[in-house]
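Work through the exercises below with the sequence and the structure in view. Try each task before reading its solution.

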Amino acid sequence: MKKALLLTLALSSALGAMAYDFPYLNFKTVSGAEKSMSVENLNITISEGKLLVTNASGSETFDLTQLESMQFSEYMSSVEV
């Protein structure tokens, strides 16, 4: 039991050390349009089939049926909101 606990602690420490603070969240729609948002003061809300994303600079709304992907990145995909 102790060995399993120590192994779990060691693995979780290693994963925490690999964590990285990505500065952007990039969104891509099914039409191919891309938007990037800074993660500074990022807030994400889902309501009535829409994804509302707000940050220190502004906000953007995405229809969930039209959202293909979103991922954290070191780089902006195109337009930063």
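A residue counts as buried when its relative accessible area is under 20%, as exposed when it is over 50%, and as partly exposed in between. The model used here is predicted.

**Exercise 1.** Is Phe-62 buried or exposed?

Solution. The relative accessible area of Phe-62 is 7%. The cut-off for buried is under 20%, so Phe-62 is buried.

**Exercise 2.** Classify the aromatic pair that Phe-27 and Phe-62 form.

Solution. A pair of aromatic rings is described by the distance of the centres and the angle of the planes.
- Distance: the centres are 4.6 Å apart, and the cut-off for a pair is within 6.5 Å.
- Angle: the planes make 25°; under 30 degrees counts as stacked.
- Result: Phe-27 and Phe-62 are stacked, and the count of aromatic pairs is 1.
- Position: Phe-27 belongs to strand E1 (residues 24-29) and Phe-62 to strand E5, 35 residues apart, so the pair links distant parts of the chain.
- Burial: Phe-27 is buried too, at 2% relative accessible area.

**Exercise 3.** Where does Leu-64 lie, and how accessible is Leu-64?

Solution. Leu-64 sits in the loop between strands E5 (59-63) and E6 (67-73). Its relative accessibility is 34%, so Leu-64 counts as partly exposed. Together with Ile-44, Ile-46 and Met-70, Leu-64 forms a nonpolar surface patch of about 340 Å² accessible area.

Technical notes
Residues numbered from 1 in each chain as written. Predicted model: local features only at pLDDT ≥ 70, side-chain atom pairs only at ≥ 80, totals over all residues. Heavy atoms only, no water. Patch = residues over 30% accessible without salt bridge, like charges linked within 9 Å, V, L, I, M, F, W, Y side chains within 5 Å. Areas by Shrake-Rupley, 256 points an atom, 1.4 Å probe, with all protein chains shown as cover. Salt bridge = Lys/Arg side-chain N within 4 Å of Asp/Glu carboxyl O. Helix = DSSP H or I, 4+ residues; strand = E, 2+ residues; numbered from the N terminus. Buried < 20%, exposed > 50% of the residue type's maximum accessible area, 1.4 Å probe, protein only. Phe/Tyr/Trp six-rings, centres within 6.5 Å; stacked < 30°, edge-to-face > 60°.
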